[in-house]
Amino acid sequence: MLFSGTGKRRRPSKATRVVALVGVTGAAVAAPLMAAGTASAATSSEWDRVAQCESGGNWSINTGNGYYGGLQFSASTWAAYGGTAYAPTANQASKSQQIAVAEKVLAGQGKGAWPSCGVGLSSASYDGGAAEAAAPQQSTQQSAPKRSAEQPATRSEQRQAPKPRTQAAPQAAAKKTVTTPTGKKVKKGDGEYKVAAGDTLSKIATAQGVDGGWAELFELNKDVVENADLIYPGQQLHLK
């Protein structure tokens, strides 16, 4: 087991007897005995299964997708939970260091940090035991940072994160039209002059001083006016 928490405390008298009996080799015997009584939030084999699911078990993987290492940490989560004390990104850290950080993420965010791959993780919360002991000597008293909904902690969480709702793109606006007295729809246009009842191209050209007269006005608005003798109130014509 790579990481341990707080286990049952052995009686000093027993440890003393072990050291006394084995002499010089007593320290080597006592160390495993001291570690045997501890417990961790998740076992090494559990983390191996998560890594197999997340990255195919490759603890040094970096595919350029923004998630690193065997447990596929995002760079921000790795930094937020103290991972940069080991390496800039998770793929550059050892397996044991990645698991140390993962224990903290598990305690702060629960199995949901790996929604697809973390379902088999033990539910015991991280108690700061082995992971902090394995970390470089520095303050670890900062509380686990809260994660924003927009920033998944791991790749599997990104896969499971619900896609934000997006408003349906408005349908392309139909071309603006004007309804004629017969009910037919004709193009409205987007020019600067709005045709009024009784207008003709000739009247408009004269009143607005269009160089070239009605013929030029018709040429300027061929995309709106199909027949020089037929224009309709509401149409907007270009004058130049």
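## Note on the predicted fold

1. Asp48 is partly exposed, with a relative accessible area of 28%; here buried means under 20% relative accessible area, exposed means over 50%, and partly exposed lies in between, with a 1.4 Å probe and only protein chains considered. This is a predicted model, in which local features need pLDDT of at least 70 and side-chain atom pairs count only at pLDDT 80 or more, while totals for chains, interfaces and linings use all residues. Residues are numbered from 1 along each chain as its sequence is written, and side-chain values use heavy atoms, leaving out hydrogens and water.

2. Asp48 also takes part in a salt bridge with Lys95, where the closest N and O atoms are 2.7 Å apart; the term stands for a side-chain nitrogen of Lys or Arg within 4 Å of a carboxyl oxygen of Asp or Glu. This pair connects distant parts of the chain, since Lys95 belongs to helix H5 and Asp48 to helix H3, 47 residues apart. Lys95, at 29% relative accessibility, counts as partly exposed. As background, side chains of opposite charge can pair when their charged atoms come close.

3. How many salt bridges does the structure hold? There are two, and one of them joins the side chains of Glu219 and Lys222, with 3.3 Å from N to O. Glu219 has a relative accessible area of 47% and is partly exposed, and Lys222, at 48%, is partly exposed as well.

4. A search of the whole structure turns up one disulfide, meaning a pair of cysteine sulfur atoms within 2.5 Å. Cys53 and Cys117 form this disulfide, and their sulfur atoms are 2.0 Å apart. The pair ties together distant parts of the chain, for Cys53 is in helix H3 (residues 44-55) and Cys117 is in the loop between helix H5 (95-109) and helix H6 (130-134), 64 residues away. The link of Cys53 and Cys117 is left-handed, with -60 degrees about the S-S bond. Is Cys117 buried or exposed? At 7% relative accessibility Cys117 counts as buried, whereas Cys53 is partly exposed at 40%.

5. For the chain as a whole, there are nine helices and six strands; these are DSSP runs, helices being H or I with at least four residues and strands being E with at least two, numbered from the N terminus. Of the 240 residues, 34% count as buried. The chain exposes about 14700 Å², of which carbon and sulfur atoms supply 53%, the areas coming from the Shrake-Rupley method with a 1.4 Å probe. Among contacts (heavy atoms within 4.5 Å) between residues at least 6 apart in sequence, 60% join residues at least 24 apart.

6. Leu201, Ile204 and Ala205 are buried in H8, and seen down the axis of H8 its buried residues fall within an arc of 100 degrees, so they line one face of the helix; the arc is that of the directions from the helix axis to the C-beta atoms. In general, an α-helix has 3.6 residues a turn, so residues three or four places apart point the same way. Which parts of the chain do the buried residues of H8 pack against? They pack against strand E5 (193-194), helix H9 (213-220) and strand E6 (236-237). On the other side of H8, Lys203, Thr206 and Ala207 are exposed, and just after H8 Gly209 takes a positive phi of about 65 degrees.

7. Gln72 lies in the loop between strand E1 (67-68) and strand E2 (73-74), and has a positive phi of about 55 degrees although it is not a glycine. For context, most residues other than glycine have a negative phi. At 2% relative accessibility Gln72 counts as buried, and a polar atom of its side chain lies 2.9 Å from the backbone oxygen of Gly69.

8. Lys176 sits in the loop between helix H7 (155-160) and strand E3 (177-179), and at 64% relative accessibility Lys176 counts as exposed. Leaving aside neighbours within four places in sequence, Lys176 is in contact with Val186, Lys187 and Lys188. The C-alpha atoms of Lys176 and Gly189 are separated by 7.3 Å, although these residues are 13 apart along the chain.

Technical notes:
A polar contact is a pair of N or O atoms within 3.5 Å; within protein, one must be able to donate a hydrogen and the other to accept it, and residues adjacent in sequence count only if both atoms are side-chain atoms.
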